[in-house]
Amino acid sequence: MCRQCMGHGPVYQARRHSARCPSECPAKRLLQLATTKKQASKFSFTFQRHYPANSCLLPLCSLYGAAITTVEGVGTTKTKLHPIQERLAKCYGSQCGFCTPGMVMSMYSLLRNHPEPTMAQIVASLDGRQMRSGLCKPEEFQPRDPSQDYIFPPELMRMAKEAKGKSLIFKGEKTTWISPGSLQELLELKARYPSAPLVVGNTSVGLDRKLLGIYYPLFLHPARIPDLHVASVEDNGIIIGAATHLAQLRDFLLNIIPEFPTEKTKIYHTLLKQLRTLAGEQIRCLASLGGHIASRASVWDLNPVLAAGRSILNLASIDGARQIPLNDEFLARVPEADLSPAEVIVSVFIPFSEEDEFVSAFRQAERQKNALSIANSAMKVLFHPGTDVIMDLAILYGGIGSTTVSARKTCQQLIGRNWNDQMLEEACRLILEEIILPPSAPGGKVEYRRTLLVSFFFRFYLEVRQGLKSMYPSMYPDLPAEYASALGDFNDKPPQGMQIYQVSEPPQDPVGRPIMHQSGIKHATGEAVFVDDIAPADGQLYMAVVTSTRAHAKILSIDVSEALEEPGVVAVVTADDIPGTNGDGKEKVFAEDEVIYIGHIICGVVAETYECAKRATGKVKVEYQDLELILTIEEAIEHNSFLTKEKKIEKGNVEKAFLTVEKIIEGEIHIGGQEHFYLETNSVFVIPRKEDNEMDIYVSTQDASKVQELVASVLNAQSNRIMCHTKRVGGAFGGKITKPSFFSAAAAVAANKTGRPVRFILERVDDMLIHGGRHPLLGKYKVGFMNDGKIKAVDLLFYINGGCTLDESELVIEYVVLKSSNAYDIPNFRSRGWACKTNLPSNTAFRGFGFPQAALCAETWVTAVADHLGLPHDKVREMNMYKSVTKTPFKQEIDPRNLVVCWEECLKISDYYNRQKAAEEFNRQNSWKKKGLAIIPMKFSVGFNSTFYHQAAALVHIYLDGSVLVSSGGIELGQGILTKMLQVASHELKIPMSYIHPYERTTVTVPNAIVTAGSVGSELNGKAVQNACQILRKRLEPIIKNNPEGKWEDWIKTAFEESISLSATGYFKGYFTNMDWDKGEGHAYPYFVFGAACSEVEIDCLTGAHKNIRTDIVMDACFSINPGIDIGQIEGGFIQGLGLYTMEEIKFSPEGQQYTLGPDTYKIPAVCDVPEQFRIYLLPNSRNPMAIYSSKGMGEAGVFLSSSVFFAIRDAVAAVRKERGFSDPFILDSPLNCERIRMACADRFTEMNTGIGGMFIQNYISLR
């Protein structure tokens, strides 16, 4: 099982082979019979199937007879690269590289099945995966070589023949796995073991074991039974075997639908629609139709469709066969309509649709694809022939209760009614009366889900109206024009990218050119080594932790006796085992007397296997005495619970200015937090050495020196005995600055106690439970302005939720305050902020470091001013922007001329004004879908407000063969820092990059290095590498002068013979920065990054869904060291910001328990969220005298620019509200997800649930 991602782990490609010849296959035989009778189908499941699969969903026993190809089998650097791997690496498709093998395997499986795939197939293969645009031209690559692909092993073919019809039994210590060879045998086993689960794809049972800890002593694996794989066309419908995978069902439907009249295949079209968005391709290739039906989860999308379509389940047991309807009673588990414990689903009969029948299905999820539905529905109506009189009606909803529910009473009352507007009004009323969703319903979003009930029906009503008009043109009127846009989903297109940038001359100089990521090929081949890829050490133990189940409580007792009795457990480590200091004075490694949040680490269990350690954590007994809870910012303010003192900056005289302005408004905005969701969870591997108390720590961190310092303190050892190593990190985004040192310290205590190596790899759920994320923010504003839109005074109050310890909250609130004006030059400006202390996980550094929250607040009050005056938003923004050299509110000089250039260039390349007119015209013609457009400026402050944070060191060796080894204090997080170090060294030493190799970040070669963060890691460490290389080059100058025609190798040999040192330490003291908070002024940052972004979206007013149509970004990157990598950072930051502002939401219970743990409940953007047109433009002919080679740091600036999507959505919502008569200005909180969008699009359906205007609208207060 994959412990990394729970459903998003390594992806393999599996191939299966059947021992039967085509004539022996029951599925094929049934298809042949159907073809003989109806000549309607030529489809058959292939006997050798290639499919991608997540390792975490593949029980080992299920792979008997399968050939597994991992990414290493596709191609390696030692054999031959596959074209997919080469393209992905050379087109900058890999950054941290942790998820790259999964991308490779998804595409490889697609090509094995479809050598010439369509664009739709390509997009489907990447469903649920992140993606960004490439920079390379196709003609640069060699074509695919089919001979490179493996054949199916003949040995497995022989095994398949031998195992035909035989049972396979695998016995473990506690579990038995039986794979019967025939249906009869399965029925006998089911009669003997009625509670044994049937496992085909393991997508349900596997998660039950993982998430709920459900234990099964016996599994039945019926995947080898031919009767469960039928796929036949009958006289009145189709029969699909229960073990048919969902991807196979999709392919089968795609094959047969064209062979039948449209009126017969309506139900099949509806199933296909749901299958396109259900899960990702890896899941669809594993999950079975029978499992989907039998598990009957409320949010499963196919079950309501099958029930509405009057499907029949063919059941079998040892007592015989029978049929039951797959209806609402079955889905609700009504005993009289359910399976008996000894029965199994053999197949599903799905009838043809009738001529006067209409079937539709709907769903809405947090993400368009590969996300569980918030609510789904299937609806079917059958009319008396040639009329619109309802003869039969079915309305089913999922996601509303614990099971799929039916509006059966509503349907009964509507039978005999005409399909008209009066029926619609009555139906909506009846549905809301029948389908009850109490305010405390699990999953929340009650008003939204109730609104979806009637919104879905309204869309169905219109679809049927349109269908009736199509069938009987003369009998029914045309659909009113204002309703036409309520029909249909978005017209999705695959994303396309464009990048425009300058490159350096001459071409042989690597600096300023798009050089492939140094580890890109290794990412794509799976050869890049992350912490958990390190081979086990002798005597290695595994660690799992016991965490608090209370948010704030005293620890009365900890009983570990039962855990120690668990076979395989070696020790339990607590605070009592720490020989030195427990923590850093602000936070503890292990809780002692008190726990202060749910997830607080109390102790660790170390055992011979991870499974044993994890199991034993459940046997540690902790007694608590609950204490008072504080969870929200509002509660913290009420209880005066703060982590920091007030931070304040002020410019001008705010109070006096408010007396002179013509208008004043006040308002507030809430901005939610965000999980880092790095693909590599926190990971540490500690290996104690056998002498001198030395210890090697391999850790995924942004700050190896911090790890070294804390571990030494905890072990009461000198730092020179603790050696930290970080080769690369599988994503960090600020989340691996502070916490890895505590995880490392915990593992080090365990290693110190046992004297054995300890591997501590957090599971995804534990990582999200223990670790905080981006700070939620409450921003309050008071703005004074003139009637022309000129803002004269702004007064801001900020509160961030810091969680239970200080962590990085003081820096974050400082940055919030300092950056709160964004790109606007306000003559009278005051900003104050506090970090609140609550009983939640400590929130920490996150890409952007407070700026994405503070700047969103700034754009909100600028937007509020424009709305209040009825002025165009872009004009008010431009009017108040910095334009000439001046000073910031904290008295630092700023030259904003490139800000103006970025703004004007963005207006130009985005064709803003023409597209704005086109969007307005679209909105006039469409009532239920609206477009919005927004352009946003950005002034981003790079770096830190203390000089010592900007220092850097490097060590460069030249060996006698001329090769060079570069070691710096920077850590490769995916941002390409090592690639840039190679470019710097190559440029300074004037040798090819192929001569140079980067060494891992280790405290052995570079001590006391500063954290890799703040967008400045590359330039600071680049300065240090530059310094070292210049020292070496200067030493070599006399030799080069004496032999100018010599080779590099000759010069190095001569230098050695002349006793010239070929090793140099480079150092950069850092940029001068300072901030005096007593005065509220200083030179807080080394320089600014300017940019602008324009985004266009389309929203669905009935569901709240939105589509990102186009984004244009102009960035003042100055002279980019590596445009390929920098553009990737801009794109990646933008997509991460897209999640922050439109999708990602962290939720807690009133007791402080986090609900959103894992990828099933917390959704980050995927391929389907990338703008259809994504264009990046790096401003040419721009220079930054502060940084190396006149470059600028691009790691974080892109995050905020995705707020252009937020305000484009808001623009679309404003168009809806204006059309519907709501003229009051309004504020929308972040994330602006489908729920908030829908409820802001006030209409009669929201009014039925919440009152006009919805519950997610704040009207700001006008004071003048």
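The questions and answers below walk through parts of a predicted model.

Visitor: Is strand S29 mostly covered or mostly open, and how many of its residues are buried?
Guide: Strand S29 covers residues 777–785, which makes nine residues. The strand is mostly covered, and the number buried is seven.

Visitor: Which residue in S29 stands opposite Ile665?
Guide: Strand S24 (residues 663–671) runs antiparallel to S29, and nine bridges join them. Across this pairing, the residue opposite Ile665 is Val783.

Visitor: Which residue in S30 stands opposite Tyr781?
Guide: S29 also pairs with strand S30 (residues 791–801), in the antiparallel sense and over nine bridges. In S30, the residue opposite Tyr781 is Leu796.

Visitor: Which residue takes a positive phi in the hairpin of S29 and S30?
Guide: The hairpin has five residues between its strands.

Visitor: How are the axes of H27 and H28 placed, parallel or oblique?
Guide: Two packed helices are described by the angle between their axes and the distance between the axes. The axes of helix H27 (residues 851–869) and helix H28 (residues 873–880) come within 9 Å and cross at roughly 120 degrees. Because angles over 145 degrees count as roughly antiparallel and 65 to 115 as roughly perpendicular, this angle makes H27, relative to H28, oblique.

Visitor: How many charged residues are in the contact of H27 with H28?
Guide: H27 passes H28 in a right-handed crossing. From H27 the contact takes Glu859, Val862, Thr863, Val865, Ala866 and Asp867, and from H28 it takes His873, Val876 and Arg877. By class, four are nonpolar and two are polar, and the number charged is three.

Visitor: Is Glu628 buried or exposed?
Guide: Glu628 sits in the loop between strand S22 (621–626) and helix H21 (633–638). Its relative accessible area is 53%. The cut-off is over 50%, so Glu628 is exposed.

Visitor: Which residues does Glu628 contact, leaving aside its neighbours within four places in sequence?
Guide: Glu628 and Glu336 are 292 residues apart in sequence and 49 Å apart in space, C-alpha to C-alpha. The residues in contact with Glu628, with those neighbours left aside, are His552, His639 and Asn839.

Visitor: Which strands are the edges of the eight-stranded open sheet?
Guide: The strand order is S19-S21-S17-S28-S25-S26-S27-S38, with mixed pairing. An edge strand here pairs on one side only, and the two that do so are strand S19 (569–573) and strand S38 (1001–1002).

Visitor: What is the bridge partner of Phe685 in S26?
Guide: Strand S25 (residues 683–688) and strand S26 (residues 695–699) run antiparallel and are joined by five bridges. The partner of Phe685 in S26 is Tyr698.

Visitor: Why is one side of S7 left without a neighbour in the sheet?
Guide: The open sheet of five strands has the order S7-S8-S11-S9-S10, with antiparallel pairing. Strand S7 (231–234) and strand S10 (320–325) stand at its edges, so one side of each has no neighbour in the sheet. The reason is that each has a single partner strand.

Visitor: Which residue of S11 is the bridge partner of Asn314?
Guide: Strand S9 (residues 312–317) is joined to strand S11 (residues 344–351) by five bridges, and the two run antiparallel. In S11, the partner of Asn314 is Ser347.

Methods. Residues are numbered from 1 along each chain as its sequence is written. This is a predicted model: local features need pLDDT of at least 70, side-chain atom pairs count only at pLDDT 80 or more; totals for chains, interfaces and linings use all residues. Side-chain values use heavy atoms; hydrogens and water are left out. Buried means under 20% relative accessible area, exposed over 50%, partly exposed in between (1.4 Å probe, protein chains only). Helices (H or I, at least four residues) and strands (E, at least two) are DSSP runs, numbered from the N terminus. Two strands pair if DSSP finds at least two bridges between them. Axes are lines fitted to C-alpha atoms, for helices over the stretch in contact, and angles run from 0 to 180 degrees between N-to-C directions. Angles under 35 degrees count as roughly parallel, over 145 as roughly antiparallel, 65 to 115 as roughly perpendicular and the rest as oblique. A crossing is left-handed if the near helix is turned anticlockwise from the far one by less than a right angle, and right-handed if clockwise. Contact means heavy atoms within 4.5 Å. Ala, Val, Leu, Ile, Met, Phe, Trp, Tyr, Cys and Pro count as nonpolar, Asp, Glu, Lys and Arg as charged, and the others, Gly among them, as polar.
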